[in-house]
Amino acid sequence: MDSELLQLDSPFANFTRRTFIGVVLTAIVAGIVTLVLTIAIDKVVLQPVMCSEAASCTQSANVSFHIASIIAAILAVVMLVQASVYRPLLVGLAVTISLWSIYGAFLSKVAWPIQLLLLTILSILAYLAFTWILRTYNLIVALVATALLAALALLVTNL
């Protein structure tokens with residue numbers, strides 16, 4: 001009974017092995033879904049509908065990535081809830097914001113297998129980092145640390 005009281009006094013939500021595995025699997029699925037949807041939306045929807053000989057489609061891949069990122073984040077939030085992650089919506093939002101400009105910055109310049117590998121690795125790192133930061137019970141500390149990390153990620157990708 002005393003051990004239960006000690007766990008309640010912790011300033012952090014539990015981060016069990018099950019949660020860790022769930023976060024890693026969520027990140028892998030989110031990375032794969034994001035890239036597959038990016039390519040599909042770009043090739044099947046945006047280029048045929050919006051691009052013509054007169055209009056250039058230089059930004060269609062970036063727009064496709066943004067749409068795919070939002071869809072993958074919704075899926076990821078559901079998976080994070082199943083993995084018992086504390087504040088899953090904030091984790092999904094923070095990861096989406098921090099990886100927002102990654103495709104235009106350098107992922108679009110490499111072949112798709114490398115894109116898949118890099119996006120999956122970056123997703124795993126981002127989901128683990130934000131899950132770890134946001135597990136504190138102090139909301140102000142969690143939001144400030146999350147905002148700083150997301151701003152740092154955006155700054156690095158926009159250099």
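Q: To start, what percentage of the residues in the chain are buried?
A: Buried residues make up 35% of the 159 residues in the chain. Buried means under 20% relative accessible area, exposed means over 50%, and partly exposed is in between, with a 1.4 Å probe and protein chains only. This is a predicted model, where local features need pLDDT of at least 70 and side-chain atom pairs count only at pLDDT 80 or more, while totals for chains, interfaces and linings use all residues. Residues are numbered from 1 along each chain as its sequence is written, and side-chain values use heavy atoms, with hydrogens and water left out.

Q: Thanks! How many helices and strands are there?
A: The chain has 7 helices and 0 strands, so from the N terminus on the elements read α-α-α-α-α-α-α. Both kinds of element are DSSP runs numbered from the N terminus: helices are H or I with at least four residues, strands are E with at least two.

Q: And what box does the chain fill?
A: Taken along the principal axes, its C-alpha atoms fill a box of roughly 70 × 30 × 25 Å. The accessible surface of the chain comes to about 9,300 Å², and 74% of that belongs to carbon and sulfur atoms. Those areas come from the Shrake-Rupley method with a 1.4 Å probe; for residues, only the protein chains shown count as cover.

Q: Let's go inside. Which residues touch the most other members of the largest nonpolar core?
A: Those are V91, V95, Y127 and F130, in a core of 23 residues. Helix 2, helix 3, helix 4, helix 5, helix 6 and helix 7 (139-157) each supply at least two residues of this core. A nonpolar core here is a set of buried Ala, Val, Leu, Ile, Met, Phe, Trp, Tyr and Cys residues joined through side-chain atoms within 4.5 Å.

Q: What is F130 in contact with?
A: Leaving aside neighbours within four places in sequence, F130 is in contact with V91, A94, V95, S98, T146, L149 and A150. Contact means heavy atoms within 4.5 Å.

Q: Now helix 3. What does its buried side pack against?
A: The buried residues of helix 3 pack against helix 2 (17-50), helix 4, helix 5 (102-105) and helix 6 (112-133). Among those buried residues are F65, S69, A73, V77 and L80.

Q: How far apart are the end C-alpha atoms of helix 3?
A: They are 33 Å apart, which agrees with the 33 Å that the 23 residues of helix 3 (residues 60-82) should span at 1.5 Å a residue. The expected span is 1.5 Å times one less than the number of residues.

Q: What follows helix 3?
A: Helix 3 is followed by S84, whose phi is positive, near 60°. S84 lies in the loop between helix 3 and helix 4, and it is partly exposed, with a relative accessible area of 46%.

Q: Switching to R135: buried or exposed?
A: R135 counts as buried, at 11% relative accessibility. R135 is in the loop between helix 6 and helix 7. Not counting residues up to four places away in sequence, R135 touches P11, F12, A13, F15 and Y86. R135 and P88 are 47 residues apart in sequence and 9.6 Å apart in space, C-alpha to C-alpha.
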